[in-house]
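Open the model in your viewer and keep the selection tool at hand.

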Amino acid sequence: MMGKKIQQTREALIKILEDLRPEDHFNLISFSSEASQWKPLLVPASTQNVEEAKKYANSIQARGGTNINNAMLMAVQLLDTATREEQLPLGSVSLLLLLTDGDPTVGETNPKKIQKNVKEAIGGQYSLFCLGFGFDVSYAFLEKLALDNGGLARRIYEDSDSALQLQDFYQEVANPLLTTVSFEYPGNAVEEVTQDNFPLFFKGSEMVVAGKLRAQSPDVLSATVSGQLPTENITFQMESQVAKQEEEFQKPKYIFHGFMERLWAYLTIHQLLERMVSTSDAEKQALETQALGLSLNYSFVTPLTSMVVTKPEGQEQSQVAEKPVENGRTVFRHRAMGHKRPRLPGGVALHDGGHDVPNRKSGRSGPLIPFYEKLMSERNPDVGLLSGIVGDYLDETMEETSPTAPPPAPIQAPTFILPLPGQSVDQLCVDIKSTPGPLLLLLSDPDQGLEVTGEYKMEKAQFSWIEVTFKNPQLQVHVSPEHVVVTRDRRSSQYKWKETLFMVMPGLKMTMDKAGLLLFSSPDRVTIGLLSWDGPGQGLRLLLRDTDRFSSHVGGLLGRFYQGVAWGPPDATDDSKRTLWTRGFEFNATRKLKLDYQEGTPGTELSCWSIEL
């Protein structure tokens, strides 16, 4: 670890040390080419020891090399000694946390041998949690290392909130409440039950077990949950009326019908994928086939599946249009930037990379131009159409794209595109030209439990971050141009843009597709979208749909355009200008051509009423 990563790790480690309780025992091992212990034995988390450990953490320096094998074996030996000599409080749970930013490069460097050595040393006595820092680390290696030893792995992203990520991770595993937890059901009542035995139950976490009821199952389903406290064993017994529960899950508040069945499929797929990490190659294919079948049957996007784009029957052969460059500029961008060449049916011109065909009028050669358009179905937004046709450049086009012709002024994407109240087609384009400060309240609707804030940098003319907060369910999503951080129940998870994300909570669904469109939707709420736009005028963008669902109490910089909006008539001398009033504010609106970012890069031309704030 060097530079920013080592500094962030020191800060996070100090925060973790400050959270230790006096009855906890701990030690630190730093490793590069060699591994070294801070103390010879585990020590209690007294005020003096914690302060010394913080000084030690501040002194850790990067020295090159990564000897993971020796460091892990040394850590296990520390715990073995403490257990053997009865140094730990009765009923305590021992954990190992490994933090690294690279592959093993010193000592034992074979990942499989390291995994074997660590598993044999731990022997099922302790849980191992692995944190991979940045993208240089072999995450697959760490994931298997953790899963083999009753823990889990997480990637820690090298960003401004890395310390917070590490601290939150420790908080998740720092308070084990139960060990050896098991769920038991009558064998004649259920089948195909998901994981029902868990080594540890942590404070603030949850355990979910799902299964299928047999055809001749009893009317009352009984369950027994048992686990071990530090000083005693505990058992919970409960019963549930099957018919009553089936009736409950048919109520409209459950977003999906067949909710329990989909939950069972989701858990089963997740656990099959985890087993694939630790299983042999011979068994991996069978597990993959099973997980793939469930993914397809229940329409879950997983590492084993892809999103398929189909076309209606009777269409010609589909073509996927790439984004090649012509003279340093893409032809698609020429069209989006406002060239006045005739609009041909089928969409937007794209240069195919250099195949020439004769021009009908002049006999000159011109490039072959595929065209494409994407048609989204209202009933099934995952199904689109890619169609291709071939055409020739017209003389006018050849002249306009000549290297000697001055390029037109590029069309920029506005800061916001707002669907106008009561309008199905027209939209309001809003650009920020001045702000009272960098922090902006964009939307606030207390009736919907919704708030959207952001930090706008005038010198860059873009948002450095946007944050969406829901009160019910409690959810906060903080996006920057690089990452998406989702916080729920004080747990933070970080994702990259264009990483597939699907999360269903009571009354809210959050999704992100491969195009990088992050959506928050609900049957009775405004749909909020976030996008890291990389076209002209790049930066974070906010999308709004179903805006008629805003309550009468909506406010904020953008919320005011959804209450009491009034339009004046077009200007007598220029019908492309008119006045807009809302809540005592007056704006001069002008009809302009902008770049629509709502369907992602590269965008399409949009004629809208444009105002400046």
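Keep in mind that this is a predicted model.

Now look at where the two ends sit. Cys429 lies in strand 20 (residues 427-431), while Cys608 belongs to strand 35 (residues 604-612). The pair ties together distant parts of the chain, 179 residues apart. Zoom in on the sulfur atoms: they are 2.0 Å apart. That falls within the 2.5 Å cut-off, so the pair counts as a disulfide. How many disulfides does this rule give? The count comes to 1.

Is Cys429 buried or exposed? Cys429 is buried, because its relative accessible area is 0%, under the 20% limit. Cys608 is buried as well, with 0% relative accessibility.

Select Cys130 while the surface is on. This cysteine has a relative accessible area of 0%, so Cys130 is buried too.

Move to Asp103. Where is Asp103 placed? Look in the loop that runs between strand 5 (95-100) and helix 4 (111-122). Check the surface here: Asp103 has 35% relative accessibility and therefore counts as partly exposed. That value sits between the 20% and 50% limits.

Stay on Asp103 and display its surroundings. Leaving aside residues up to four places away in sequence, Asp103 touches Thr66, Asp136, Val137 and Ser138. Finish with a distance label from Asp103 to Ile68. Their C-alpha atoms are separated by 8.3 Å. Along the chain, the two residues are 35 residues apart.

Notes
Residues are numbered from 1 along each chain as its sequence is written. This is a predicted model: local features need pLDDT of at least 70, side-chain atom pairs count only at pLDDT 80 or more; totals for chains, interfaces and linings use all residues. Side-chain values use heavy atoms; hydrogens and water are left out. Helices (H or I, at least four residues) and strands (E, at least two) are DSSP runs, numbered from the N terminus. Buried means under 20% relative accessible area, exposed over 50%, partly exposed in between (1.4 Å probe, protein chains only). Contact means heavy atoms within 4.5 Å.
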